Amino acid sequence: MQYERVLEHLRALHGPGFGGPSSLREPHVTRDGTRTVVTADVLHKLAGAPRTALFTAEDGRFRQVSAPGASARAGRFSPDGRTLAFLSDRANKGVYQLHLWAQDRLGEAQAAPAVPGTVEYLYWSPDGRRILLGVAGLGAELSGGQGSGTNRGGIDDAPPWFPRVDAGVADEAWRSLWLYTPATGVLERLSPEGLNCWEAGWCGPGRVAAITSEAPWEDAWYGAVLSLIDLDGAVHEVLDSEVQLGLPTGSPNGSWVAVAEAVCSDRWLVAGDLLLIDGVSGAVRRIDTRGTDVTRLEWIDDERLGYLGQRRLHSVAGIVRIDDGSVREVLVTANACGGSTFHTDGAFTDDGRVCTIQESYRLPQQLVLSGSDGERVLASTAHPGTDYLRSVAGTAEAVTWNAPDGTEIDGILCRPAGEGPFPLVVNIHGGPIWQFRDMWSMKYPWVPLLVSRGYAVLNPNPRGSSGRGQTFANLVVGDMGGDDTRDYLSGIDALVERGVVDGTRVGLIGASYGGYMSSWLVTQDTRFAAAVPISPVTDWYSQGFTSNIAAWGNRFLDADPAQPGSRVHTRSPVLHAGKARTPCLNIAGALDNCTPPTQAQEFHHALRAHGVPSTLVIYPQEGHGVRAYPAQIDFMARMLDWFERYMPGEHALGTHRNKERTSV
């Protein structure tokens, strides 16, 4: 019954949009602002993972510009705006290679020579002569935000009996940099063997700024450094940090290098301070971005650096003057501006306008060009399916409360129509260094589904969340499961006191760090009626010896697994399972290397050993989270059934009462 209910809900949402763009991301714009391109998901049915395609905005509508059939993404215009470079897997599904489409030439996009691996990103050189390619071998690890697992392309043709062998670092595990010259058709490797390049950008036309490490495994990223790589392959280390570095990019003349410095819990989820490094002396300047955690950097010219980021619940875009470090903000909005990514994103024009994908809980994604003369909506993803979701998803509002130590905590409360009090599901974000923004569906499809069934959903940003500066982010480091626990509990208390929430019907759901906290909270407080931990950590000791990001956990706990009584042991939910009373639906993906499925399995067995209702669900083809159909339908049906069984909302109560009347 729940499966059919969820399927009907998803068909009503997605069916009218089948074949059109959804989940927009990776916006780009020509320097003069006349042409745009975005990556979008394209669903034709609720099966498998969606294909991706490139769309441009013309006459107020989205028009697909990449060929049908294969997936395409990461469109970027050349500096003169005449050529669009993008990535496509048309030759080998899941393996992306560079393609070029020139505005003045008719016909299909032309494929560049193939690199040995899959291209993750591309950047034109400032002079437009070369294209930088970030290439991952077909065996490189994926971050949690990418779904975990490894980047293996194609179909595994090994016999069923063939063992899985881990004998150290394989050649295909590395990430490298390559250069393609369109005028000559020459493709050449830039980065030397033995150097892993996590991300990179141009620094003038003659060298590249990159985040590098001497090992390719995921844990090595947390200690990676900023390096400059000359076109002859010579490498010069420029900057290291006690935390993490990301978003490297140099000025068009190569005089300056910009980079973000931040405490991070996941690769690709960088939100922090903006640093400028003198390309000659190496002197470092820290730019005051007025409390904005920077998540995207782009040079407009040698004197101006554009940035985007998050300041509490606001998306911000600004421009830094390099000569004096002054900042002019060109966009501040309560709408989320990143598209279907983890952080705020966008692209700048020569005259300082910024192109973003804007959305909110009740605003379907739209492509917007913002400047001093206001905002212009270029195209929207709205259709009858998004109208349906707006009709059932309720409303969203920003809320704040004070933790026991006086720290003010932000959140977004989604609620049905009516006065309440409502049953509450606390939706806990991953990371912990991430944040909820006012996004369509709050980025998680279960949020509007729960609201449609009569639940309020609180989406909190506890200490450790992005958008509050590095001091706030660092409050969770060394203390996961400490004061952040009280941030959640005090938020629930505040909503109960305000009459919004029924304190006898409170549940938990969350993935990754959210899965950990969903498991941890039920061992610290018995008020919870139901919980759904997804991709959790439940035993920090075994996590440290089975995960590909073990050093992350030890660092964020400030603990040594070999030391008895450390936080590895005292903050592990599985060792506190005897105090739990909450029924738990434990969800995991069999291919998850970040939080292996054994973590959910351990907690499941520990709960059952203490007589607590528990169900374990492991999806065989999923990694870090449940992403593809029909597994996502199955998960959402099980999730909804779990909450309606143990803490029914008004819709579920009404259904139950109707059944009772029928039976009488």
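A charge sits over a ring if NZ of Lys or CZ of Arg is within 6 Å of the ring centre and within 35 degrees of the ring normal. Two cases here: Lys443 lies over the face of Phe342, 4.7 Å from the ring centre, and the charged end of Arg468 sits over the ring of Phe472, at 4.1 Å from its centre.

Before going on, this is a predicted model, where local features need pLDDT of at least 70 and side-chain atom pairs count only at pLDDT 80 or more, while totals for chains, interfaces and linings use all residues. Residues are numbered from 1 along each chain as its sequence is written, and side-chain values use heavy atoms, with hydrogens and water left out.

Next, ring against ring. Rings of Phe, Tyr and Trp (its six-membered ring) pair if their centres lie within 6.5 Å; planes under 30 degrees apart are stacked, over 60 edge-to-face, and the rest tilted. The structure holds 18 aromatic pairs. In one of them, Tyr121 and Tyr123 have ring centres 6.0 Å apart and planes at 50 degrees, so this pair is tilted. Tyr121 is buried at 8% relative accessible area (buried is under 20%, exposed over 50%, partly exposed in between, with a 1.4 Å probe and protein chains only). Tyr123, at 23%, is partly exposed.

How far apart are the ring centres of Tyr516 and Trp540? They are 5.2 Å apart, and the planes stand at 65 degrees, so the pair is edge-to-face. Both residues are buried, Tyr516 at 1% and Trp540 at 2%.

Last, Phe342 again: ring pairs link Phe342 with Trp434, Phe436, Tyr444, Trp446 and Phe635 into a cluster.
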